[in-house]
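Colleague: I would like to go through this model with you, one point at a time. Where shall we begin?

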Amino acid sequence: LTALDCVPVPLSSREIREYYEDVSNGILWPLFHYQSERLPTDPRYWSTYAAVNARFAQAVADVWRSGDDIWIHDYQLLLLPALLRRRLPDARIGFFLHIPFPAVEIFRILPWRRDVLEGMLGADLVGFHTESYGRHFAAAASGCPPSSLGTSQPSSVSGSVVDPIVPSSETRIGVSEATCSTCFASVRKASPASSSTRAISLPTA
């Protein structure tokens, strides 16, 4: 992995089962694909999912350097953008979801929907495969009661989503990876980016 410029995040067999199989593939994947009949009647192990996301956040923070771009991929790491934002407030963070983002009526089934929205809104740019997925996300972010997002003011959506987690910042919404990459290149934080930028990429499982 070192030769490939990758950083491992070791997980125990219990963590793999609870984080990857039970939550990621057993709850998030079917819900986001409108397969609510496959959801467990007693959903558990969200604490393990959150703990593993925190492990990834620390692994990235340990190797990040000023000017690095951070790209995060998919539903196994929905909490990671916000976790990194707290650790690296000046980093440029992109997140791309490789599965559908469901309509609000379906998304509301998820007991931890607030955590998911807060996590994704930690990114400068959130990308989706289709415009409809982006609209679903925007509707979920703007339609949640302010108290459920931990802010006293409602979010507003008009081409971008005002981030209720980080004051005076906003999360842009893009469609397709190519479009997101172009848009992400234009996102700048207060600190100047270095002339040489490397991407940090970690495996999700």
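Colleague: Is Asp-68 buried or exposed?
Modeller: The model is predicted, so this is a computed value. Asp-68 sits in the loop between H2 and strand E1 (69-73). Its relative accessibility is 3%, and the limit for burial is under 20%. Asp-68 therefore counts as buried.

Colleague: What separates the C-alpha atoms of Asp-68 and Arg-92?
Modeller: Along the chain, Asp-68 and Arg-92 are 24 residues apart.

Colleague: Among contacts between residues at least 6 apart in sequence, how many join residues at least 24 apart?
Modeller: The protein chain has 205 residues, of which buried ones make up 44%. It holds seven helices and six strands, in the order α-α-β-α-β-α-α-β-α-β-β-α-β. Of the contacts between residues at least 6 apart in sequence, the share joining residues at least 24 apart is 70%.

Colleague: Where does helix H1 bend?
Modeller: H1 covers residues 13-32. Its buried residues include Tyr-19, Val-23, Ser-24 and Ile-27. The bend is about 40 degrees, and it is at Ser-24.

Colleague: Which helices are included in what covers the buried residues of H1?
Modeller: Those buried residues include Glu-15, Glu-18, Leu-28, Pro-30, Leu-31 and Phe-32. Their cover includes helix H2 (46-63) and helix H4 (104-107).

Colleague: Is H1 roughly parallel or roughly perpendicular to H2?
Modeller: The axes of H1 and H2 are 9 Å apart, and the packing angle is about 110 degrees. Angles from 65 to 115 degrees count as roughly perpendicular. H1 is therefore, relative to H2, roughly perpendicular.

Colleague: How many residues in the contact of H1 with H2 are charged?
Modeller: H1 passes H2 in a left-handed crossing. On the H1 side the contact includes Arg-14, Glu-15 and Glu-18, and on the H2 side it includes Trp-46, Asn-53 and Arg-55. By class, the contact has seven nonpolar and three polar residues, and the number of charged ones is four.

Colleague: Is H2 oblique or roughly perpendicular to H3?
Modeller: H2 and helix H3 (residues 80-87) have axes 9 Å apart and pack at an angle of about 45 degrees. Roughly parallel needs an angle under 35 degrees, and roughly perpendicular needs 65 to 115. H2 is therefore, relative to H3, oblique.

Colleague: How many nonpolar residues are in the contact of H2 with H3?
Modeller: The crossing of H2 and H3 is right-handed. H2 contributes Asn-53, Ala-54, Phe-56, Ala-57, Gln-58, Val-60 and Ala-61, while H3 contributes Leu-80, Leu-83, Leu-84 and Arg-87. Two of the contact residues are polar and one is charged, and the nonpolar count is eight.

Colleague: What is the phi of Tyr-34?
Modeller: Most residues other than glycine have a negative phi. Tyr-34, in the loop between H1 and H2, is not a glycine, yet its phi is positive. At 40% relative accessibility Tyr-34 counts as partly exposed. Its phi is about 65 degrees.

Colleague: Is Asp-5 buried or exposed?
Modeller: Asp-5 lies in the segment before H1. Although not a glycine, Asp-5 has a positive phi of about 60 degrees. Its relative accessible area is 51%, and the cut-off is over 50%, so Asp-5 is exposed.

Technical notes
Residues numbered from 1 in each chain as written. Predicted model: local features only at pLDDT ≥ 70, side-chain atom pairs only at ≥ 80, totals over all residues. Heavy atoms only, no water. Bend = angle between axes of the 7 residues up to and from the residue. Helix = DSSP H or I, 4+ residues; strand = E, 2+ residues; numbered from the N terminus. Buried < 20%, exposed > 50% of the residue type's maximum accessible area, 1.4 Å probe, protein only. Contact = heavy atoms within 4.5 Å. Axes fitted to C-alpha atoms, helices over the stretch in contact; angles between N-to-C directions. Parallel < 35°, antiparallel > 145°, perpendicular 65-115°, else oblique. Left-handed = near helix turned anticlockwise from the far one by under 90°. Nonpolar A, V, L, I, M, F, W, Y, C, P; charged D, E, K, R; others polar.
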